[in-house]
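This report describes how selected parts of one protein chain are arranged. The sequence and the structure are shown first, and the discussion follows.

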Amino acid sequence: MSALAALVRAYDRMAARNEVPSFGYSQEKIGYLIALNRDGTVAGMAHDLRQGEGRKRVAVPMAVPQPTKRTSGVAPNFLWDKTAYVLGVTAGEGKRLAQEHETFIARHRDWLAGTNDEGLQALLRFLESWTPEQFVARGWPEEMKDQNLVFALESERLANIRIHDRPAARDLWARLSAAGDKQEAACLVTGNRMPVARLHPAIKGVWGAQSSGASIVSFNLDAFESYGHEQGDNAPVSEAAAFAYTTALNHFLEKGSRHRVQVGDASTVFWAEAPDTGAAGAAEDIFANFLAVDDKAETMGARKVESLLEKVRSGREADFDLDLPRGVRFFVLGLAPNAARLSVRFYLEGDFGDIARRYLRHLARMRVEPPPKDDNPSMWRLLIETAVLRKSDNIQPNLAGEWLRAILSDTPYPLTLLSTLIMRLRADHDVNALRVGILKSILIKNFNMEVPVSLDLENKDPGYLLGRLFAVYEQIQIAALGREVNATIKDKFYGSASAQPRKVFAMLESGSANHLSKVGKQNRGRQINLEKQVSAIMEQMAPGDDPFPASLPDRSQALFGLGYHHQRNEFFRKPEKTAVEEAV
């Protein structure tokens, strides 16, 4: 099933529950309402519909007749619009202000001609008598300018019946929407022969895209046209299907939606399909907590994830099936901005149990001892570890989508992830559990390597041994000079030691001899223990081979970081109590 077809099905389910507007309507942000008397005069002040306090007041979503898709022309909306069109006032320069206002009046004069509905007649009388100068004369606030406006009869205002909600208005809008010479074709989404959408409604809420909205399907240059077809005829999608998929997607992308999460530059939406709405909701909660558990709210999804993570930590991956909702079809769509269009970074669909198990296996591959502070870091937290200065603006554009797609489809990770992390370690020398966990998962998934979770004294990989040796040399320096030293050997030599060991380790070996003699004067036992650790590591290196090769490949550099992390943190691990000590 294509992404558009899945979105159409999602719209049908939500429409049956009255969660989304019906065909021909859309949720738009409305700031003010103007109440009218039956004679078209204004009934008092304009009513502020925004929510919040002070400058943080925001317009409320409301189902209104679907807006006209504006490109460069003047095109008014039916029975609602922003103040420039409706009232002829704006806070900006308003180069086309008079034209926009006049067009709004002229179109509504044509649209509403001959109507007998008292609400529509009141609006028409208002437009015939209104002048922009009345805005100031009535004392309406400056912050009302450029907000979207709707109308209501004063007698129906308290009942929340707007003029565009009246039966006569809805019937008229249905006739206007169906009017015109519309070409019919087989819809690529539904397969039904229906009128083709020339322009698809705008999709809003994608991070980084135009605030007015962008398109997944659009054709505006001759190079995009085929066999003489123009615009929507190049990829015939019916008006009903275009409305359905964009409405569903806009619903998922709304601010505060439980169906979206930002993964790098990819605005990721997800939804579930199941006969049991409870199972679908549980799947969506679990997935949301997989990707963004920075919000520690006590939800059922968060508690379920914690239970699954406990199995990951204990290595009981076989128990995943016992805790996942069954019979749920799951969909994940990643969108990224591309000028006035949207790029589909990835689209996945499948059984929720399969998708969840893939993500849990990813977490299991990342398991490392000692673990990071956050047992289940969000994708954003992981991506930050790959960025220069840990700034989200520095995350590589395509990395987020490619990485998440690899996780959810159980395919190899992008190799740019390995090179990027190694570069970050060499640049800032921050060898933390998150980074080495990511490196460990890459080695397992991409190179089918057996990589230890905790310190492995039997691992003889040169990169892993050199990382352990580097950590011991650092500990010898700290033992000799104290922890207040301005810069350890990690701060000075980690990058070159992990990439070109021969240049660094001979110098570190001679330097550690001096440090060990100093340690021996303070604590002879500690000197002996450190010397034994160096000897034990050196003895494991393959006999006859150069213990300090001229260079290490990327995979060995990743193991260098893992070995360093394991060995360094072994120095801080508390010794386990004996049975006698525990009994005391």
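The term pLDDT denotes the predictor's confidence in each residue, on a scale from 0 to 100. It is needed here because the model is a predicted one.

**Confidence**

The chain has a mean pLDDT of 91, and 95% of its residues reach 70 or more. Two stretches call for caution. Over residues 577-584, pLDDT stays under 50, and the model has 2 contacts beyond four places in sequence for this stretch. Over residues 293-298, pLDDT likewise stays under 50, and the model has 7 such contacts. Where pLDDT is low, the predicted coordinates should not be read in detail.

**Helix packing around H20**

Two packed helices are described by the angle between their axes and the distance between the axes. Helix H20 covers residues 554-570, and its packing with H17 and with H15 is set out below.

| Helix pair | Angle between axes | Axis distance |
|---|---|---|
| H17 (residues 489-499) and H20 | about 140 degrees | 9 Å |
| H15 (residues 433-447) and H20 | roughly 135 degrees | within 9 Å |

The angle of about 140 degrees makes H17 oblique to H20. The crossing of these two helices is right-handed. On the H17 side, the contact is made by Lys490, Tyr494, Ala497, Ser498 and Ala499, and on the H20 side by Gln557, Phe560, Gly561 and Tyr564. Of the residues in this contact, 5 are nonpolar, 3 are polar and 1 is charged.

How are H15 and H20 oriented to each other? Since their axes cross at roughly 135 degrees, the two helices are therefore oblique. H15 passes H20 in a left-handed crossing. From H15, the residues Ala433, Val436, Leu439, Leu443 and Phe447 meet Arg555, Ala558, Leu559, Gly561, Leu562 and His565 of H20. This contact divides into 8 nonpolar, 2 polar and 1 charged residue. Gly561 of H20 takes part in the contact with H17 and in the contact with H15.

**Salt bridges**

How many salt bridges does the structure hold? The number is 32. Lys204 lies in the loop between strand S8 (193-195) and helix H8 (239-253), whereas Glu28 belongs to strand S1 (residues 25-30), so the pair ties together parts that are 176 residues apart in sequence.

Methods: Residues are numbered from 1 along each chain as its sequence is written. This is a predicted model: local features need pLDDT of at least 70, side-chain atom pairs count only at pLDDT 80 or more; totals for chains, interfaces and linings use all residues. Side-chain values use heavy atoms; hydrogens and water are left out. Axes are lines fitted to C-alpha atoms, for helices over the stretch in contact, and angles run from 0 to 180 degrees between N-to-C directions. Helices (H or I, at least four residues) and strands (E, at least two) are DSSP runs, numbered from the N terminus. Angles under 35 degrees count as roughly parallel, over 145 as roughly antiparallel, 65 to 115 as roughly perpendicular and the rest as oblique. A crossing is left-handed if the near helix is turned anticlockwise from the far one by less than a right angle, and right-handed if clockwise. Contact means heavy atoms within 4.5 Å. Ala, Val, Leu, Ile, Met, Phe, Trp, Tyr, Cys and Pro count as nonpolar, Asp, Glu, Lys and Arg as charged, and the others, Gly among them, as polar. A salt bridge is a side-chain nitrogen of Lys or Arg within 4 Å of a carboxyl oxygen of Asp or Glu.
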